[in-house]
Amino acid sequence: MAFTLYSLLQVALLLLNAIAVLHEERFLRQVGWGCDQGIGGFGEEPGIKAQLTNLIRSVRTVMRGKVTILCSKNLVHQVLLLG
């Protein structure tokens, strides 16, 4: 199997899809990454955990609909290649 730019794009799409479908109450809160975990004081730099939680929440907010469309296009493309 060749390592191409297309396979890198597929990996990136699958990772975005995995982040977009994470459910905060069912998964993230159970591992201690809920939205109330990273609250610090005024003027304090947020920790790495809070930054990752904010990144996950941002990706879920911005990319949820777009990832659905991209995954659908990728699925149709794969079916047409194999069929």
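This report walks through a predicted model of one protein chain, from its overall make-up to a few of its residues.

## Confidence in the model

The average pLDDT is 78. A score of at least 70 is reached by 87% of the residues.

Confidence is highest in helix α1, residues 5-20, with a mean of 85. Confidence is lowest in helix α2, residues 24-28, with a mean of 74. Where pLDDT is low, predicted coordinates should not be read in detail.

## Overall make-up

The chain holds 3 helices and 0 strands. Read from the N terminus, the order is α-α-α. Of its 83 residues, 18% count as buried. The exposed surface comes to about 6600 Å². Carbon and sulfur atoms supply 68% of that surface.

Take the contacts with a separation of 6 or more: 63% of them join residues 24 or more positions apart.

## Helix α1

Helix α1 has 16 residues. From first C-alpha to last, α1 reaches 22 Å. That is close to the 22 Å expected at 1.5 Å a residue.

Three residues of α1 are buried: S7, L13 and A20. They sit on the same side of α1, because they cover an arc of only 145° around the axis. On the other side of α1, L5 and L15 are exposed. The buried residues of α1 pack against α3.

## Helix α3

Helix α3 spans residues 48-82, a run of 35 residues. A straight helix would reach 51 Å at 1.5 Å a residue. The end C-alpha atoms of α3 are only 43 Å apart.

Leaving out residues up to four places away in sequence, I56 touches I19, L22, L28 and W33. I56 and L16 are 40 residues apart in sequence. In space, their C-alpha atoms are 9.6 Å apart.

R60 also lies in helix α3. R60 is buried too, because its relative accessible area is 12%, and the cut-off is under 20%. Which residues does R60 touch, not counting those up to four places away in sequence? They are I19, A20, L22, E24 and L28. I19, L22 and L28 are among the residues that I56 touches as well.

An α-helix has 3.6 residues a turn, so residues three or four places apart point the same way.

## I19 in α1

I19 belongs to helix α1. I19 counts as partly exposed, because its relative accessibility is 29%. Its contacts, not counting residues up to four places away in sequence, are I56, V59 and R60.

I19 and L55 are 36 residues apart in sequence. Their C-alpha atoms are 9.5 Å apart in space.

## The picture so far

Terms used
Residues numbered from 1 in each chain as written. Predicted model: local features only at pLDDT ≥ 70, side-chain atom pairs only at ≥ 80, totals over all residues. Heavy atoms only, no water. pLDDT = per-residue confidence, 0-100. Helix = DSSP H or I, 4+ residues; strand = E, 2+ residues; numbered from the N terminus. Buried < 20%, exposed > 50% of the residue type's maximum accessible area, 1.4 Å probe, protein only. Contact = heavy atoms within 4.5 Å. Areas by Shrake-Rupley, 256 points an atom, 1.4 Å probe, with all protein chains shown as cover. Expected span 1.5 Å × (residues − 1). Arc of directions from axis to C-beta.
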